[in-house]
Amino acid sequence: MHNLSNSFHTHLEARIADSEQLKIDAHHVRYKVYCVERGYEDQTKFPERMEMDKFDSESVHAVVRHKSSKKPVGVVRLVLPNRERPARPFPIETHFGHQFEDNILKKFDFSRHHIAEVSRFAVSKESLGIIHNQLVTERLNTQPTRNPSDPKQLLPHISLGLIAMLFAISKEHGVDYWYAAMEPSLSRLLTRLGIRFT
């Protein structure tokens, strides 16, 4: 884990999207992943190439960028609790709430003021490939890679950077629990890194 951390901070940076440019970067990565690479959303709904929805106004975004070029490669948002309207459903509750098991949720005894939803966790394959090639070039004379043609080598670094930002955002906003829906591949990656979801 120490090597992961050192490598991350050498080549990448994670930032809360607290400036207009970082917010634009976040929405561009979301568009690239959810509209172009995965086809989950209709590209024609976002002519400015920035994927957005109604929960953005109640969320905090974080972005992982290549340190030297500032090119964004990963994004995540945390949909915060609505403390004025705590019954307001999170996106995951709207889509999958009927599948939640009350007996499991009750074990955690959480307040709706202290739960948030991890959302739009995305790493752009295209950007990942570009940045991977830049990193391989930077390391050619100093540190050989196990398989320099495989951009997935960077995935743990970027994913952990995004997870670290989620912890920072959660601490700032008094969030103790997360809802999250993810592909099995991401769940397996996080489990290998010691992060387990119930």
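## Terms and basis

Buried means under 20% relative accessible area, exposed means over 50%, and partly exposed lies in between (1.4 Å probe, protein chains only). This is a predicted model, in which local features need pLDDT of at least 70, side-chain atom pairs count only at pLDDT 80 or more, and totals for chains, interfaces and linings use all residues. Residues are numbered from 1 along each chain as its sequence is written, and side-chain values use heavy atoms, with hydrogens and water left out.

Five strands form an open sheet in the order 1-2-3-4-5, with mixed pairing. Strand 1 (12-16) and strand 5 (177-180) are at the edges with a single partner strand each, so one side of each has no neighbour in the sheet. From one strand to the next the twist averages 25°. Strands (E, at least two residues) and helices (H or I, at least four) are DSSP runs numbered from the N terminus, and two strands pair if DSSP finds at least two bridges between them.

Strand 3 (residues 72-79) and strand 4 (residues 115-123) run antiparallel and are joined by five bridges. Val-75 has Ala-122 of strand 4 as its bridge partner. Helix 6 (residues 155-172) packs on the sheet and touches strands 1, 2 (59-66), 3, 4 and 5; its direction makes about 30° with that of strand 3. Contact here means heavy atoms within 4.5 Å, and axes are lines fitted to C-alpha atoms, for helices over the stretch in contact, with angles from 0 to 180 degrees between N-to-C directions.

Strand 4 pairs with strand 5 in the parallel sense over four bridges. Nine of the nine residues of strand 4 are buried, so the strand is largely enclosed by the rest of the structure.

Glu-117 is in strand 4.

## Salt bridges

The count comes to twelve salt bridges. Arg-38 and Glu-183 form one of them (2.6 Å, N to O), linking parts of the chain 145 residues apart.

Glu-93 and Arg-112 meet in another at 2.8 Å, N to O. Glu-93 lies in helix 3, and Arg-112 in the loop between helix 4 (102-108) and strand 4. Glu-93 is buried at 18% relative accessible area, whereas Arg-112 is partly exposed at 25%.

Terms used
A salt bridge is a side-chain nitrogen of Lys or Arg within 4 Å of a carboxyl oxygen of Asp or Glu.
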